[in-house]
Amino acid sequence: MPLWPYLALSGLLFTLGLVGLLIRRNAVGAVMAFGLMINASLLNLAAFTRQHGDGRGEAVAFLVLLVAAAEMVVGLILAIALFRNQKTADLDELDRLKW
Amino acid sequence: MVAMEMLSPASCVLIALGAPLLGALFNGLSGDRGARLAGRLGLLAMVGCAIGSVPLCVRGLLGETAAEELYVWGVIGDLKLTIGLEVDPLSAILLAGWVVVGLTVHLWLLGVEGDRVSPRSAAAFNLVTVAVVLALIGDGYGSLAIGWGLLGLCSHALLDGSGRTEAVSGARKLWVIDRLGDMALLLGIMLLLAQVGSLEYAAGRAADIPERLAVWSGLLLLVAAAVKGGQIPFHYWWASAVGAPAVANALVHATAMGMLAILLLARSPALFAPGSIPGQLAVAIGGLSGFMGIAMALGARDVQRGLGHATTSQLGLVFVAIGLGAREAGVFLLLSHTFFKVLLLLCVGRIFPEPGREGEAKGLRRRLPVSSWALLVGALAMGGMPPLAGFWGYAAVLASIYRIAGDLFVWTAGCALLLPTAFFGARLGLIIFKEGEGESEAGRGERESPLLILAFLGLGLLTVAGGAMEYFRGEGVVASLLAPSQAALPSLALVAVPGAVVLVGMGLAWAANRSGKKEADERENRLRHLLDEGFYVEEFGERFIGRPLGSIARWLRDVVDVLLIDLLCIGGLALTLRGAGWLLARTQSGKVWSCALAVALGTAVILLLLTHLS
Amino acid sequence: MEYGEELFIGVGKAVVLPVAIMGIGVPLLALAERRIGARMQGRLGPRAAGPFGLFQPLADGLKLLSKGAPVFSGTDRLAYVLAPLVGVLSALAVFAAIPFAGTFTWMGHSIRGQIADPGVIYVLAAAGLGVYAPLLAGWGSGDRLALIGGLSGTVRQISFLLCMGLALLGVCLLHGSTQLGEIVLGQASTFGPLPGWNIWVQPLGFVLFLVGTMAWSGASPFDFDRADGELMGGYRRRYSGIFLAFLGASRYARQIAGAALVVTVYGGGETLPWRTGEAAMDGWTALVEGMAFAVKTGLVLCFFIWVRWSLPRLRYDQAMRLVWRVLIPLGLLNTVGTGLVAHLMN
Amino acid sequence: MEIAIFVLLACVCALTGILTVVCRKPMHSSLYLAANSLSVGLLCILLSAPFLALAQIFVCVAGIALLSAVVVVVLNLEDEPRKGTFRTLSGGATGCIVLGALGYFLWHWWGASREPAPDVGTPFGELVFGEFLLPVELTAFLLLVALLGSVLLTRREGEKRTASAGRSGL
């Protein structure tokens with residue numbers, strides 16, 4: 001089973017996640033898109049682990065998974081806090097960083 | 001042992017330059033507190049300078065050249081810019097002359113003005129000394145240029161310091177013209193530097209400069225000398241220089257500037273060789289300014305302006321001498337001219353403290369016997385009375401011109417020039433002397449201060465005995481009397497003819513004076529006005545050079561500045577910046593997705609780079 | 001295909017087990033629950049449909065199947081349909097790891113009474129999938145009460161799943177493996193006069209696991225998410241017909257799975273009590289072992305039912321406080337303790 | 001056989017990925033995210049990383065995706081409006097560009113498909129708690145911080161009162 005299909009799939013997933021991040025209007029949607037990107041990276045990592053046959057890749061992937069999970073949880077919690085504070089989760093309305 | 005050490009050139013130079021410099025600094029910086037001491041301090045500085053320069057002069061006059069490198073102030077690649085010392089007979093004589101003049105002027109200053117000498121002018125006088133000494137003893141065009149510029153500064157300071165309105169505007173005009181001279185000087189030096197690779201005179205003399213470059217640098221240096229010496233095209237600065245107090249004119253304009261101009265020409269014989277174009281041009285300018293100068297002097301309304309134009313004519317004669325290769329004679333004439341001109345100017349300064357008021361010379365003889373007598377001696381010397389220095393100077397120049405150039409026509413023209421000079425000298429002496437007879441209530445209490453008498457005595461002696469120097473110099477006119485001259489004219493004639501011409505001139509003056517003193521003055525006709533205004537050269541320059549340049553400047557201002565720069569460049573720039581700002585603002589929408597977009601594109605670019613660069 | 005018969009056997013088992021559970025286990029449990037509950041309340045319970053009311057669940061099933069499934073407005077079709085499916089599938093998926101019968105050789109192949117042995121983590125993962133069911137049901141039916149019920153149901157399942165996981169950790173530490181087969185094998189020994197089950201070795205673990213499975217499967221006092229009083233059936237309110245049947249079946253399947261897990265991990269699994277070591281056995285003994293496994297699971301289920309009809313229902317915050325402040329810390333304690341003991345022993 | 005499974009899972013994965021991004025209803029996109037995670041988990045099994053697969057399912061599907069679904073429920077987010085075409089276009093375009101760059105990058109580095117090395121199969125537990133002990137500890141700490149953070153961040157002003165009020169309960 002050659003490697004490139006896996007890479008292609010993870011590349012596609014990553015890009016989909018990226019596009020989702022750009023397109024989604026509300027915070028939760030963005031976090032979900034981010035979740036997609038995490039899945040893509042995990043798949044990529046697993047694929048390369050398989051390619052190199054070294055078990056360590058799996059351990060690293062596991063850790064990456066954990067950290068990413070923590071990240072997404074915090075992301076979602078922020079979305080909640082944001083909603084409660086700004087009464088909206090729509091990212092477009094949060095443009096106070098406007099130059 | 002210490003004496004020997006003291007005599008070494010370097011230490012002498014240190015004293016000669018140091019003393020006046022210190023004097024200038026003290027006077028300049030002390031302000032009102034030091035007002036009373038200004039005069040004395042100036043004199044003290046001058047004495048210090050004299051002490052320093054006497055050994056140098058003695059060494060120089062004995063014919064021994066002391067050359068030494070004092071200070072390297074710049075090394076650019078293989079080009080070394082140094083200030084060095086080179087005292088040869090030429091600079092020694094000039095230095096001696098300058099020291100004497102400096103001392104007398106300071107004595108005069110102390111004697112006449114005493115405590116009222118303004119520190120500013122005292123500082124300026126000292127600075128002039130520094131400038132001249134630096135130029136004289138310098139071994140290259142560098143120090144000459146420094147002296148040159150410094151002199152311009154001092155003349156402006158003195159003119160400006162006098163406080164009179166027309167003096168201040170004159171100062172500005174003088175400054176501009178002086179800058180023109182400086183520019184020409186610097187350009188000439190640069191040309192030489194580029195070709196010769198060093199500023200020293202020695203290198204200038206040694207190197208074989210290609211003919212075309214020699215001509216150009218020669219012309220530039222000639223222009224500089226002409227400006228400084230007040231020769232024809234640039235003589236009109238005398239009109240503005242008159243505003244200065246007479247003593248300043250005496251020291252700075254008459255002697256220092258002339259000395260430097262002649263020094264420049266004398267120091268670059270290769271450029272002004274008799275046959276070369278600059279040499280011939282120097283002769284032409286010299287002759288022209290000689291005749292026009294004396295004509296303007298005769299027509300001048302004011303005594304000082306007359307003397308100024310007379311200086312122009314005498315320096316013209318020196319230019320002619322150097323142009324034809326008679327360097328020694330030229331320098332000798334310069335020296336003798338310096339002595340009687342300073343004497344004249346000091347007397348005029350004493351008699352007419354305010355320039356332009358000639359009338360109140362009545363009762364002069366009783367009031368100021370010494371200055372009036374000194375004035376008479378100076379005027380006659382300028383006229384070229386045989387026993388006095390003036391005559392010997394003129395005779396030496398004419399003799400050497402004839403001997404070297406062997407050109408009868410120039411010799412006769414020279415003698416012709418002596419006629420009006422003699423007439424002018426005699427008339428000046430007679431007017432002042434005759435008018436002085438009457439009683440005059442003004443100035444009764446004045447009495448001659450001893451210092452003043454001392455100064456006049458010194459100068460008078462020199463003007464009288466100047467001729468002896470001629471003999472002392474060896475192959476002078478007197479010497480030529482003894483040694484049979486192989487020239488066509490017998491040497492006796494070389495002396496006799498000028499003498500005769502002078503006497504005739506003086507006789508004419510006496511006759512004119514006795515007969516119609518009155519109608520001579522009243523003829524305010526166009527000729528007199530023409531002469532007085534200096535042949536309207538200034539107005540000519542104004543109309544044909546000043547006005548066109550002005551209109552060009554205005555056009556530039558209107559079209560280029562306003563339209564091109566303001567509207568297009570700056571306006572355009574502002575517009576583009578505002579547009580760019582607006583565009584950029586749109587990208588900074590603050591929305592999360594636009595930032596994420598930028599990040600995404602960034603990653604894409606990085607990926608491409610990684611693949612591409614590897 | 002090189003698998004050939006192996007594949008056939010595997011698929012066979014994979015088909016037989018769910019059918020058995022859904023066909024026999026769930027209806028039996030439903031009936032048992034109603035009958036035992038009734039008996040505990042002094043009434044007879046359903047006896048009309050068939051002998052001892054055995055066909056009662058069948059009747060209920062048919063009734064539900066015959067009813068139409070009305071579509072409410074404001075419902076999220078996808079979630080509405082997905083909820084029951086996910087619930088049932090995840091419950092059945094848990095059985096894939098549970099050894100329910102002995103190993104016997106038949107026609108040259110030794111057949112294990114277990115579909116596959118991915119281990120405890122697979123069980124947790126499969127159970128984890130089922131966590132979606134209440135949330136989706138609540139959100140899908142578009143009804144506020146259902147939503148509250150759904151949310152609380154999901155949170156309950158996650159928390160108690162965590163509690164179960166921690167309890168299992170202790171056992172895995174002891175047996176040195178996460179695979180249920182190994183654990184069962186490890187229990188096939190005697191513990192003094194008693195069979196070498198983990199229940200004696202890991203008493204705290206057993207209690208935690210038991211309470212965890214009870215709560216996770218939504219039985220007994222922990223079924224606050226479908227409390228009739230407050231939430232009127234919670235997320236089941238808007239369901240009817242086949243979906244309602246599936247929701248109920250998923251709950252019962254999860255209870256059976258929980259009980260099976262309890263039996264496998266702490267009750268010696270399918271091994272007959274006091275059996276030691278790996279026993280070579282023929283088909284019949286394997287069947288007997290299967291029957292033993294069924295009896296043990298039945299006992300645990302009866303315990304569930306017994307607790308259900310005797311204890312009052314817990315409130316949501318009481319249950320949450322119980323899990324997060326009591327059970328999970330105990331679980332951690334248990335794991336650490338077991339670790340220390342295991343380390344000291346060898 | 002293996003390739004068939006891979007193709008199936010890849011299709012599911014891609015499809016759910018697209019649906020997650022495109023879907024208007026937030027709940028649906030979270031479900032698709034869960035499905036996507038599940039398929040990635042299964043793919044990991046194909047890549048003979050069983051523990052990673054189970055962890056992925058357990059963490060991503062039952063954890064993250066579920067949490068996002070819960071947040072969608074809690075915030076009761078309505079569907080996304082259909083405007084903002086420029087934004088979607090630019091997002092899509094950027095996506096294509098990044099995909100192109102990524103493809104070129106991967107093709108450049110991994111164009112030649114090499115045979116996978118033999119699977120060494122070192123036990124996962126040994127690795128995680130042996131060689132990677134420090135990272136695991138750090139991750140544990142990080143998770144703890146995330147836990148605390150989430151608890152504190154979602155605390156309402158009145159939170160403290162209800163907690164104490166509930167003291168009387170169990």
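Read from the N terminus, the elements of chain A follow the order α-α-α. In this predicted model, chain A accordingly contains three helices and zero strands. Of the 99 residues in chain A, 62% are buried. Its contacts may also be considered by sequence separation: where the two residues of chain A are at least 6 apart in sequence, 53% of the contacts join residues at least 24 apart.

Chain B may be described in the same terms. Its secondary structure consists of 25 helices and two strands. Chain B has 614 residues, and buried residues account for 50% of them. Among the contacts in chain B with a separation of 6 or more, 79% are between residues 24 or more positions apart.

The remaining topic is the contact between chain C and chain D. Here 20 residues of chain C meet 15 residues of chain D. On the side of chain C that touches chain D, the elements giving two or more residues are α3 (77-95), α4 (120-130), α5 (132-140), α6 (144-175) and α13 (316-345) of chain C. Which of these elements provides the largest share of that side? The largest share comes from α4(C), which gives six residues.

Terms used: Residues are numbered from 1 along each chain as its sequence is written. Chains are lettered from A and ligands numbered from 1 in the order in which they are written. This is a predicted model: local features need pLDDT of at least 70, side-chain atom pairs count only at pLDDT 80 or more; totals for chains, interfaces and linings use all residues. Two residues are in contact if their C-beta atoms, placed from the backbone, lie within 7 Å. Helices (H or I, at least four residues) and strands (E, at least two) are DSSP runs, numbered from the N terminus. A residue is buried if 20 or more other C-beta atoms lie within 10 Å of its own, exposed if 12 or fewer, and partly exposed in between; C-beta atoms are placed from the backbone.
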